[in-house]
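Subject: Handover of a structure and notes on it

Dear colleague,

Please find below the structure that I am handing over to you. My notes follow it, and I would ask you to read them with the model open.

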Amino acid sequence: MKLICIGRNYTAHIEELANERPKDPVIFMKPDSAILPKDQEFYIPEFTGSLHYEVEILVKIHKVGKHIAKEFAHKYYDEVSLGIDFTARDLQDQLKQKGLPWEKAKAFDGSAVIGKWVSKSQYASMDDLTFSLQKNGEVVQQASTSLMLWKIDELIAYVSSFFTLKKGDIIFTGTPAGVGAVVSGDYLEGFVECEPFFDLKVL
Ligand code: ZN
């Protein structure tokens, strides 16, 4: 399986990193080895001095598809979760400046935190889901999928025009504003519509 990640999908986050607003979705991947195993502790990698959290809504593909039309995209996923796209921001900035790929900064072991999965049928609309991240009990990121530049169905259509989507693939749909650094000892909790989806101690 693969993890397909979307960058720059929320205007306020594009502005906070002073990035250009893209004409098309920005896509990158993480290998399955990036997934933090359930109940495994998360350690800040030694190669970064600026590890950032990025909370994101996740969807899990449940049937194979290529060139999926937007109108049919909802049929290709039935579960939703919340996760963190951990990013070594200092390393990513260096790579971006040189025009190099981001994998070292984004796809390292443990960089993909995945919360519990729930059926999307429990939500009235995937395009108006609220979610948030708390750090040490304080809200640091809070948004709604209604603020996405490209909605989930559009992302599935776009991604599948390049990559065959397979059962079990996970799409990280991009992070809203409020990203920031973690230090050892921080405690992160993610919520969708006020329901806890994951919690994590940073070591
Ligand atoms: Zn991200």
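A residue is called buried when its relative accessible area is under 20%, exposed when it is over 50%, and partly exposed in between (1.4 Å probe, protein chains only). Ser-160 is buried by this rule because its relative accessible area is 0%.

The model is a predicted one, in which local features need pLDDT of at least 70 and side-chain atom pairs count only at pLDDT 80 or more, while totals for chains, interfaces and linings use all residues. Residues are numbered from 1 along each chain as its sequence is written, and side-chain values use heavy atoms, with hydrogens and water left out.

Ser-160 belongs to helix α4 (residues 152-160); helices (H or I, at least four residues) and strands (E, at least two) are DSSP runs, numbered from the N terminus. Apart from neighbours within four places in sequence, Ser-160 has contacts (heavy atoms within 4.5 Å) with Gly-65, Lys-66, His-67, Ile-68 and Leu-165.

The zinc site

Which residues are the protein donors of the zinc ion? They are Glu-54 (OE), Glu-56 (OE) and Asp-85 (OD), at 1.9 to 2.1 Å from the ion. Donors here are N, O and S atoms within 2.8 Å of the metal (3.2 Å for Na, K and Ca); water is not among the atoms, so sites may look incomplete. The spacing of the donor residues in sequence is E-x1-E-x28-D. Glu-54 and Glu-56 are both buried.

Five of the five residues of β1 are buried, so the strand is largely enclosed by the rest of the structure. Leu-3, Cys-5 and Gly-7 point one way from β1, and Ile-4 and Ile-6 point the other way. Two strands are said to pair if DSSP finds at least two bridges between them. β1 pairs in the parallel sense with strand β11 (residues 170-172) over three bridges, and Cys-5 has Phe-172 as its bridge partner there. With strand β2 (residues 26-30), β1 runs antiparallel and is joined by five bridges; Lys-30 in β2 stands opposite Leu-3.

A second sheet to look at

An open sheet is formed by three strands in the order β6-β3-β12, with antiparallel pairing. β6 and β12 (180-181) are at the edges and have a single partner strand each, so one side of each lacks a neighbour in the sheet. β3 and β12 are joined by two bridges, and His-52 stands opposite Ala-181 in β12.

Helix α2

Arg-89, Leu-91, Gln-92 and Leu-95 are buried in helix α2 (residues 89-97). They lie on the same side of α2 because they cover an arc of only 155° around the axis, the arc being that of the directions from the helix axis to the C-beta atoms. Among what covers these buried residues are α1, β3 (51-53), β6 (87-88) and α3 (103-106).

Aromatic rings

The structure holds six aromatic pairs. Rings of Phe, Tyr and Trp (its six-membered ring) pair if their centres lie within 6.5 Å; planes under 30 degrees apart count as stacked, over 60 as edge-to-face and the rest as tilted. Tyr-10 and Phe-131 make an edge-to-face pair, 6.3 Å centre to centre with 65° between the planes. This pair links distant parts of the chain, 121 residues apart, and both Tyr-10 and Phe-131 are buried.

Yours sincerely,
A colleague
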